[in-house]
Amino acid sequence: MTSASEPIVELRNIVKRFGNVEALSGVSMSVRKGEVLGLLGDNGAGKSTLVKTLAGVHDPDEGEIVVKGQRRSPWTPLAARDAGIETVFQDRALAPQHSIVTNIFMGREITNRLGMTRVQAQIDEANRLMREIGFTSKVFNPESTVGHLSGGERQGVAIARALYNEADVIVLDEPTTALSLTETQKVFRFVEAVRASGRTVVFIGHNIYHVWEIADRFFVIDRGREAFEGEKAQFDGAEHLIEMMHQLAETGRADVASLKQPA
Ligand SMILES: Nc1ncnc2c1ncn2[C@@H]1O[C@H](COP(=O)(O)OP(=O)(O)OP(=O)(O)O)[C@@H](O)[C@H]1O
Ligand SMILES: [Mg+2]
């Protein structure tokens, strides 16, 4: 299924340096339409740097960013957003003292010709977005304060906001790290709804079991380089992926020959 779909964004030979530190040493990663791509790697491997490059926060020192077949340069946060890439950075994403509606539309309010916010239109749109991702609650409505929501629900609001911006690709940097099992399941349901709508999710996580459960494909980086990638069907199960991650950590290489042929 995923192998047949075209890349929506491609990072080609990306090099990113911070002074003497080379955080990315020529990483090529493509993101396909309608998939959940799991991005894995040890602490300091370069995951956040790669994602920040995808988000336009970093303009790479070398390499190209290609969106729907077209090379894009300069690459800025605005260019990335314009290309339909929305990134949810954990915690910094939302203003907890404000309502769900305010958070979704912050800086991009629906206004009338006089520039006044169309309150009811925003509430309707917020309801629609929340339904779209399967955010159904008897307790909360668009005017509820975000600070009262659970961690998983907050991720849902951040995802709804990304959808409002007509994102094709939503990047989630460690969305479940601070969450309980129940809350994690909520985030998974939101991610599945996003995928079901034909959009793409890039999911970064520390817990390999979480990433295994939600992703269709895995991309593993190690000290700024691609270590291996594979579709879920190429692995025997989560243990196989974990085994390869262990090998990588211990020997610097993973046994890619143990992967099955892609479907
Ligand atoms: N703004 C920066 N200035 C200097 N060095 C940086 C900067 N951002 C990242 N680095 C370095 O680049 C390398 C990769 O960091 P990065 O944050 O991308 O790793 P990561 O895979 O996201 O790690 P973690 O799992 O801990 O979040 C690290 O050595 C880090 O110290
Ligand atoms: Mg990181």
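This is a predicted model: local features need pLDDT of at least 70, side-chain atom pairs count only at pLDDT 80 or more; totals for chains, interfaces and linings use all residues.

Visitor: Which class has 6 residues in the shell around ligand 1?

Guide: The residues there include G41, N43, G44, G46, S48 and T49. By class, the shell has 4 nonpolar and 1 charged residues, and the class with 6 is polar.

Visitor: Which strands stand at the edges of the open sheet?

Guide: The sheet has 6 strands in mixed pairing, ordered β6-β7-β8-β3-β9-β10. A strand at an edge has a single partner, so one side is left without a neighbour in the sheet; that describes β6 (85-89) and β10 (225-231).

Visitor: Which strands of the sheet does α1 touch?

Guide: This is the helix that gives the most to the shell around ligand 1, with 3 residues. α1 also packs on the sheet, with its direction at about 150° to that of β7. The strands touched by α1 are β3, β6, β7, β8 and β9.

Visitor: How many bridges join β3 to β9?

Guide: Strand β3 spans residues 36-40 and strand β9 spans residues 217-222, and they run parallel. Within this pair, L39 stands opposite F219 in β9. The number of bridges joining β3 to β9 is 4.

Conventions
Residues are numbered from 1 along each chain as its sequence is written. Chains are lettered from A and ligands numbered from 1 in the order in which they are written. A residue is near a molecule or strand if its C-beta atom, placed from the backbone, lies within 6 Å of it. Helices (H or I, at least four residues) and strands (E, at least two) are DSSP runs, numbered from the N terminus. Ala, Val, Leu, Ile, Met, Phe, Trp, Tyr, Cys and Pro count as nonpolar, Asp, Glu, Lys and Arg as charged, and the others, Gly among them, as polar. Two strands pair if DSSP finds at least two bridges between them. Two residues are in contact if their C-beta atoms, placed from the backbone, lie within 7 Å. Axes are lines fitted to C-alpha atoms, for helices over the stretch in contact, and angles run from 0 to 180 degrees between N-to-C directions.
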